[in-house]
Each structure stands twice: as C-alpha cells, then as structure tokens.
Amino acid sequence: MSMKSFELRNPKSLGEAISLLDSNDKFHERTKILAGGQDLLTEMKEHIIEPEVVVNLKSIPGLNYIKFDPKTGLKIGALTHLADIAADKNVRQFFPALAIAAESVGSAQIRNMGTIGGNLCQRPRCWYYRNEHLVCLKKGGKNCLAASGENKYNAILGGGPSFIVHPSDTATALSALGATLTISGAKGTRTVPISKFFVLPRDNPRNENILLPNEVVTEISIPNAPRNARSVYFKFREQVSMDWAMSAVAVALELSGGKVTDCRIVLGGVAPTPWHVPDAEALLKGKAPTAEVLQQVAEKALEGAIPLNQNGYKVGLTKALVRRAVRYLTETATPPPYRDVNRM
C-alpha cells in the first residue's frame, strides 16, 4: 500500500511554520514537523502515522549552526546535522559526551541527514508501536503490548503504563551536560532544562515530551564547564554499526585532588526518559573513585529497577557501564578530549 497523500508546506520563517501547525492537534497526528526526516518518513511509509500536512523546517534559514563561546558555552541550532556536531572541534574538546553520542547514532548516512532536534523528538522504537497492524497504548490503545509480550528492549526503570525506552543518544548526553532547550510557539519563546522536556508515560501516555501542538524546538544550549570537568558517553548495542542503545550511560564530572567534586550521571536505553540518578551521584561526590565506591554507585543507580520477563540483563549491563564510564573519566589525570570509547 502506498503512502497516504499529504500536503507539504515549505515556510520561509519560523513564525510561518508555527502558524501552519494545528493548535488543536493534541496528539500531533494531523500536522507533523519535518526536520531531517529520518524518523518521520519511516513512520509515514509504514502507515504508523498519516498526517494531513507536513511542515518542512529545512526551508527556514538560520536553524543550522554551532556557536561556541568560551565564556558562556555552546549553542546548537535544532536543524544542525548530527555528523556536523560529532565533527566539530569545540564539541569534541569541551563536550565530548555529546560528540560521542552523536557519532554513535545509526550509520554515516543517517548522521548526515538526521538533525539534533529530530533526534531529541523521535518516537519510540518499540516494535509494537512500529507495527502498523497493532494498536498499543502509544497509539491510543488500552494496553502496553510489550508489558506481557516481547520486551527484551523495553524499560526497567520508570515504566508503566507504557514500557518504552527513549531512543535518543544525544538526549542522554545532553542531560548529563545540563543542557537547556529553546522552544518557539504561537505564544512566544520559552527555555526549559532538558530534564523537564521529556515526560513519563504515567504523566502522558501518548506523548514523550512537553511540546504543545504548535511548538518547535529551535536551539540547544550547554553551559560552559569548569576546566577540570570531563564527560563521556558509553553505549551498548547489539550491532555496532547501527543499533539503538540496549543500555547507555552519560557521565559528566569534575575531579580535584583525586576526588570527584561534582558529577551528573544519566542512564539511557533503560527508561522512557533519560534517567537521572542523583542518589548515585551523591555517593560519588567528595570521594576517590575506588572499586568499592564505584560498585556502590552502580548499585544505587539501578536501585528500584523492575525488569520485565525478558530484560533483566539490563540491570547488570547498566551497572557495568556506570562503573566503566566513571573509571574512564578518573583513571588518568587528563583523559583524551575525544575518542570513540564505544569501539575500544
């Protein structure tokens, strides 16, 4: 069956694009935003969604940029390609977790087309959601079909009533780096911490973020880190070339005198949102990262995990990634500013 016909609109300004979005489209079904198109076009081809209007953001100038200021930090336009972020020298040097995360997304072709805004706003990869013949909770059904079905890749933290995991690698890294998002809409512009952007299924079972029907993410900002700060992103996947994370960990920390003075740990691939673990961070702050301390941090990070019948392996796997990420950042006086740690 061919793709359903739709109207493609090419606005020349952000204001025009916002005016084309249906403000009453509660579940973002009738009008859709086209950024890189890597996720949207797949959904449309597979008849998971069939919008009436597609608003192409690529026709708007000025949304593709990377700007670095040593005093204030990094600003990235929402239409910036993932490949450009991974290759940028300032991102690689000062925000390596983001560079590694962007480099880990899909294939080179996908990174050359995919945008940072689209990567943050992509829909779940759960195969029940992606099956056009099934109506799961995410598509307006009554139940999460993964809860009692094939759930090898689903959530062990924060799940219920839906057990999706958030698919974005960059979201996990940006959460660890304390990023904020600029959102433009019919009522103006607002800035929100990325930690407040994503929502759990228990709060909104149909949508994964706080975007209103007529709002668009336009910019990502990351504050400049202290000189003694460092970050990394570790990702475990079944196929190194293309797969989404089965589990991932982003860590940003500051080290002084052999002790961790500050840190932020965020888990990916295990929860419906990037999963921040402040209690685990508290066990690490002010301490030397000994093997005993790292074990305590890893145990605390996965405290409260409730595996489904096929994904219990994620608990031990994620604990190992937490230990490995912190050890990597603290085992040398000055870790390399950028390397593909996921191919070590």
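Predicted model: local features only at pLDDT ≥ 70, side-chain atom pairs only at ≥ 80, totals over all residues.
Four strands make up an open sheet, and their order is S9-S10-S11-S12 with antiparallel pairing. Strands S9 (229-236) and S12 (275-276) stand at the edges; each has a single partner strand, so one side of each is left without a neighbour in the sheet. In general, strands of a sheet pair through backbone hydrogen bonds, in either a parallel or an antiparallel way. Strand S11, which covers residues 259-268, runs antiparallel to S12, and 2 bridges join them. Within this part of the sheet, Leu267 stands opposite Trp275 of S12. Helix H11 (residues 313-330) packs on the sheet, where it touches S9, S10 (247-256) and S11. The direction of helix H11 makes about 30° with that of S10.

The aromatic rings come next. Searching the whole structure gives 5 aromatic pairs. One of them joins Phe68 and Phe95 in an edge-to-face arrangement, with 6.2 Å from centre to centre and 75° between the planes. Phe68 belongs to strand S4 (residues 66-69), while Phe95 sits in the loop between helix H4 (89-94) and helix H5 (96-103), so the pair ties together parts 27 residues apart in sequence. Phe95, in turn, counts as buried at 1% relative accessibility.

Another edge-to-face pair is formed by Phe234 and Tyr328, with 5.9 Å centre to centre and an angle of 80° between the planes. Phe234 is in strand S9 and Tyr328 in helix H11, 94 residues apart, and the pair thus links distant parts of the chain.

Finally, two lysines are placed over aromatic rings. Lys67 lies over the face of Tyr65, at 4.6 Å from the ring centre. For Lys139, the charged end sits over the ring of Tyr129, and the distance to the ring's centre is 5.7 Å.

Definitions and conventions. Residues numbered from 1 in each chain as written. Heavy atoms only, no water. Pairing = 2+ DSSP bridges. Contact = heavy atoms within 4.5 Å. Axes fitted to C-alpha atoms, helices over the stretch in contact; angles between N-to-C directions. Phe/Tyr/Trp six-rings, centres within 6.5 Å; stacked < 30°, edge-to-face > 60°. Buried < 20%, exposed > 50% of the residue type's maximum accessible area, 1.4 Å probe, protein only. Lys NZ or Arg CZ within 6 Å of the ring centre and 35° of its normal.
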